[in-house]
Amino acid sequence: MGMFAAYNIEHQIRRNFFLNQKLDVEKLSVLELNKSLENTVEERTKELKKAKEFTEAINANITAIIEGTNDSIWAFNPNFEILFINQVFQKEFELSFGVRLEPGANLLEALPEQIMPLWRHRYERVLNNEQFTVEDAIDIRNEIIYIQVSFNPIIRKGEVIGGSCFGSKITHRKIAELELIKAKERAEESDRLKTAFLQNMSHEIRTPMNAIMGFSRLLSKNFNDKQKLEKYTGIINQRSGDLLDIINDILDIAKIESGQLSINVEEFELNELFSELTLFFREQQNRMGKQEIKFNLTANCHPSATFIISDKVKLKQIFINLIGNAFKFTQTGTIEGGCKFDKNNNLIFYVSDTGIGIPADKQQFVFERFSQINQESNKAIGGTGLGLPIVKGLVALLGGEIFLKSELGKGSVFSFTLPHK
């Protein structure tokens, strides 16, 4: 019995020892586990903090980009309520329509009634998953501003939950495009007018040349008939003068445009100039068979003011072109011209007629080279179409301005100013 009891006691001691060892191991494992969990939580917390900081930095950068751009950016939900709006769009909208938008506001209700249907249709297109771009012209304080707006649907899990819009000012680009279109149209019109001018010039040159050649041949056949010789010689001289006028017009417009025409200033008396012009056009009236037209040139100012210092030759040429033009388009009535002082004591030269007049929509073109009003009807009248462009060029060369007042069927008044002493 003693040996058996001793064995049991030893076994119990061994068992308790191993149990204590196991408990110590388990206790140690729990402590290590807790420590490991604490380390893991701490690491995850640091990672979450870094992720949060990174997200905040990204959001800050995105906000800075959105608010730092010059473009308008806004987003809306299916109820047309604002989800996001940047300051640029806020200011532009308030400037345009007098309403300050905030997140949650209804985009359509803030718009004026006249344009609300247009923008409703656009927003509905976006909500129907359509992506597109439009251009608009907006009148802000009597200034036209051009904008381009891109519309994009916002899609989540395959469903459209709203729309985003990006608006950019394109005024400078649009103006450049419009100017380019106008320049193209002007170039095409200039080319068309130049072609018509060359065709007309060909006719104008051939007409006197044919007369000169034809009557020159008749001279040799009728050299014994003094009466016919005088008649044919007169026609040849007249047509030679017409041809010389055409050549002079071409040379003058070329010199004016190339800046090769010089100014010769001298002192002269206006009444003397008008007397020379009156004598010249009295002869022209007889030649044209328009003696019934009343023609008069007068200096409506004090005699002491009729002596001026300017370019007499070019002033005379201006009057010859204007008066000659008046006779072309006036069949009956009066042609008057001369000079007078206006209320500001400026010397104004003028030529008025009771001719056919010029339509309001054509008046801006009469001073352009190669252009002729009513070209078909003017073929019977003749002319190169360079008279008025030459007048404008000469007036500008002398430092003045030219003006036109005209009414269809009632006549025209051409007036111009010249600096003088």
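Trainee: Which residue lies over the face of tyrosine 350?
Mentor: This is a predicted model. The ring centre of tyrosine 350 has a side chain at 4.9 Å from it. A charge counts as over a ring within 6 Å of the centre, if it is also within 35 degrees of the ring normal. The residue is lysine 340.

Trainee: Which ring does the charged end of arginine 122 sit over?
Mentor: The distance to the ring centre is 4.8 Å. The ring belongs to an aromatic cluster that includes Phe76, Tyr123, Phe132 and Phe151. The charged end of arginine 122 sits over tryptophan 119.

Trainee: How many aromatic pairs does a search of the whole structure find?
Mentor: A pair of aromatic rings is described by the distance of the centres and the angle of the planes. Centres within 6.5 Å make a pair. The search of the whole structure gives 18.

Trainee: Are the rings of phenylalanine 319 and phenylalanine 349 stacked or edge-to-face?
Mentor: Phenylalanine 319 is in helix α7 and phenylalanine 349 in strand β10, 30 residues apart. Both residues are buried. The ring centres are 6.0 Å apart. The planes are at 75°, and over 60 degrees counts as edge-to-face, so the pair is edge-to-face.

Trainee: What is the arrangement of phenylalanine 349 and phenylalanine 416?
Mentor: Phenylalanine 416 is in strand β12, 67 residues from phenylalanine 349 in β10. Phenylalanine 349 and phenylalanine 416 are buried. Their ring centres are 5.3 Å apart. The planes are at 15°, and under 30 degrees counts as stacked, so the pair is stacked.

Trainee: Is serine 412 buried or exposed?
Mentor: Serine 412 is found in strand β12. Leaving aside neighbours within four places in sequence, its contacts include Val351, Asp353, Ile358 and Leu404. The relative accessibility of serine 412 is 4%, and the cut-off is under 20%, so serine 412 is buried.

Trainee: How far apart in space are serine 412 and valine 351?
Mentor: In sequence, serine 412 and valine 351 are 61 residues apart. Val351 is one of the residues in contact with serine 412. C-alpha to C-alpha, the distance is 8.3 Å.

Trainee: Are α7 and α9 roughly parallel or roughly antiparallel?
Mentor: Residues in α7, including Ile318 and Leu322, meet residues in α9, including Ile390 and Leu394. The crossing of α7 and α9 is left-handed. The axes come within 9 Å and cross at roughly 150°. Angles over 145 degrees count as roughly antiparallel, so α7 and α9 are roughly antiparallel.

Notes. Residues numbered from 1 in each chain as written. Predicted model: local features only at pLDDT ≥ 70, side-chain atom pairs only at ≥ 80, totals over all residues. Heavy atoms only, no water. Helix = DSSP H or I, 4+ residues; strand = E, 2+ residues; numbered from the N terminus. Buried < 20%, exposed > 50% of the residue type's maximum accessible area, 1.4 Å probe, protein only. Axes fitted to C-alpha atoms, helices over the stretch in contact; angles between N-to-C directions. Parallel < 35°, antiparallel > 145°, perpendicular 65-115°, else oblique. Left-handed = near helix turned anticlockwise from the far one by under 90°. Contact = heavy atoms within 4.5 Å.
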